[in-house]
Amino acid sequence: MRRLILSTATAGLLTAPASAEQTALRNGEIGYVLTSLYWSIYQSDDNSRDCPNGFNSGPRQQYEALFPSDGPAPSIVDARLDLEGQTWNPEPGDDGFPFYEPQGGIARGFDLDGQATEEDYRSPEGEPGIDNQLFRTVGCIIGFRGPDGVEFIFENKAIKDERYNRLMLHLEDVDSLENDPEVTVTVYRGLDRLLTDASGERVVPGGSQRVDLRWGKSLIRELDGKIEDGVLTTEPIEDLIIPWMNLSVPSFQQIKEMRLELALNETGAKGMIGGYADVETWYRQLMRNDSTHHLSNGDISAISLYKQLRRTADGHPHPETGAMTSISTALDAEFVQVFINAPDETKVSSRTNGESPSESE
Amino acid sequence: MILRSFIASLLVLLASASAQDVFDLYKDEPRPEGISVRMTELEGAVFTDEAGHTLYTWPQHLLRNGYSGEQKGRIECYDIVRTKTAGLMSPYPPGVLLPELDTRPSCTDLWRPVLVLEGAEPIGKWSIVEGQDGRRQWAYDEQPVYTSHLDQEPGDTTGGTKRRYGGEGAAARNPIGPPPRVPPAFRVMTTAHGGLVMTRDARSVYILNGESEGQIRCTGDCLDSWQPLTAPALARGDGLFSLVERSPGVRQWAFRGQPLYTYSLDSGEDWMVGSDVSGWSNVYLWETPEPPEEFTAQDTIAGQVLADAQGRTIYLYSCGDDSIDQLGCDHPTDPQVYRLAICGRGDPEVCQENWHYVPAKDDAESGSRAWRAVWIDPMTGRFSDAGVEGAMRVWAYRDRPVYTYFLDEKPGDVRGDATGEWRGGRNGLKAYWIRNAYFRGQ
């Protein structure tokens, strides 16, 4: 919580025009819409310190190593199709290429398990026990790092651009945005485009959103939370499904044991979403959106990445094999205040039991 | 063979008998002798040769690393067997040996040029192009014209589609046909349901059930959500489009006599939002046949997909090779190494575990050519015959087997969508979207 209050960036986001402050919290309710989301990757200002062994190799480098351009022409079955076969039918193990992890022992995230182990990180503020093995996995892949990694740019850009990704938080029973021991948070998907300023780029508070009760019905979640010193924290829920397409593929991320930690005010919210990402879902969301071409632009070898994911996964052991099926992670998230046209509660509840939404409308 | 020829002749006669209907929907433009127009199940009206086979062109496409296809007035498809990849699709380089070279066909083995008979002259949009091999070939809108070896009967469009599947696929061949007979204010887009009528600026148009000229029901508050498509003073009806007088001096477009509207809450990405409102429907110039009875429709988080009887999402495999000829690799008669790589890293048994054929009952019939029950050898992926050990009778769409995916656990899951190279468009699988609520072109 302390890290949110002390963050200067957060203070900037939460500077509120007086008019909005007077109106956004109404009848104990306030809504926020997601405008920025990306895997929390701690970067110092020195790449050589973060990744002293360098960055990991991508598909083009690995192809050249396996099938040198000055060598005999390979067959398509031995070369491209074998690599694509491994990509789409991934297996744990070793692919013969070194895999580099970030150094320094610092990462952002949550202490998800209440323990401080050797694999855990310290937060930038010194808090021990930070669980973020996804950072260990992708921290030295150039395509995942800011400011110009292909994933860093396009995954986040899609959050604003694509209505499919329109995740919203609806807070109810709110007495104060400073302190309230008991609030209810409902996650919905919105249906509408975002309200922006004249540039078309900056999302501004005060927009409105309808709730997607048909295609988005299965995305609805309810969380119990509290607000302390302007920071909302929630109890973990079983999972959150984040609809997240960045190249026109209806994919999603599944974050198990998901919890929120967000600094709030009347114009927006900023902080982190934490939990364990389902490994297979995480990998396939990336692959289905990007395929090998786009990953090549970020030097992301899917084959190497999957093997590393399986090595670093640290949550939800498979009941039969014992293999870890999820990986600890945190996402940096920003929301902007929005007025949510809240659906009729009776209709929402009737839609959570498998009833066809079109029949009940 | 005799029976097949008889059926083909009969279908040609039937097509001729329904020619008047075709030209209610499509413009009857001048065309060479021997070139006809007929309705098809999936593509609307197409041009056909004397045998009734659909005609295709191969327009130039910009791929990631260069162009493929044919420029206007230029033939690129010859009787030459290509042996190496062209490197047109990143990230893989050119010069890689293509598969099954001992049996690899040439471009003209699969795409048969429609040759000009002696004495024939150009007419209308039809011109004559000459190839480097001396052949004289018909061109439509200056694009050389072919038939597909995959089309077996008149009305088949197995060789290609007008539907948009995004820009990541091969440089595909497209069926060609006359322009739809719609006033300038409208356009028609080929979709899973048929020829969707839209405004020229790509907004869906709708009709309200029970409305007709003199019986206008959408008035008052209804007009807050529904905008009548009014017509300028000089507009004239054409084909099935007419004009009705909504109120004195205000003329409104109508289709088959029913007034047309747009819907204020259409997002621009989902053309069917208005059809969720009771009583309102999209407008189609023609409609595709229904899938077989045992298939279902399921809601997902992105729209509606076709599913099997248990609600499992249906996937279609598509593939184009990386030769300069951009030959298909998604039909059971094509090389199977591409599909096997994606579905099971080359192992047909793994493929069957991951991507399941959709079994058809022994007596299953679809009632259409688009959907057929076919016999497949699952170990080779090729067509088989009834009674052959291991052969399965499975459903095929456009003569290609369809699949369900092992990671889809419940109805509405679409975890397999965009599996494979270039988001499934180049060598992979995509869900069969009945209604895609969030992205264009499917």
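Predicted model: local features only at pLDDT ≥ 70, side-chain atom pairs only at ≥ 80, totals over all residues.
Local features need pLDDT of at least 70 and side-chain atom pairs count only at pLDDT 80 or more, while totals for chains, interfaces and linings use all residues. Residues are numbered from 1 along each chain as its sequence is written, and chains are lettered from A and ligands numbered from 1 in the order in which they are written.

In the model, 36 residues of chain A are in contact with 41 residues of chain B (contact: C-beta atoms, placed from the backbone, within 7 Å). On the chain B side, α5 (337-344) and β30 (419-421) are the elements that give two or more residues (helices are DSSP runs of H or I, at least four residues, and strands of E, at least two, numbered from the N terminus). The most come from α5(B), with 5 residues. This side of chain B holds 20 nonpolar, 11 polar and 10 charged residues. Ala, Val, Leu, Ile, Met, Phe, Trp, Tyr, Cys and Pro count as nonpolar, Asp, Glu, Lys and Arg as charged, and the others, Gly among them, as polar.

Helix α6 (residues 80-88) of chain A is mostly covered, with 7 of its 9 residues buried (buried: 20 or more other C-beta atoms within 10 Å of its own, all placed from the backbone; exposed: 12 or fewer; partly exposed: in between). Among the buried residues are A:Arg80, A:Glu84 and A:Trp88. Their cover includes α9 (279-297) and α10 (302-312) of chain A, together with α5 and β30 of chain B.

A:Leu112 lies in the loop between α6 and α7 (133-138) of chain A. A:Leu112 is buried because 23 other C-beta atoms lie within 10 Å. Beyond residues up to four places away in sequence, A:Leu112 touches A:Asp131, A:Glu257, A:Gly274, A:Gly275, A:Tyr276 and A:Ser328.

Key:
Contact = placed C-beta atoms within 7 Å.
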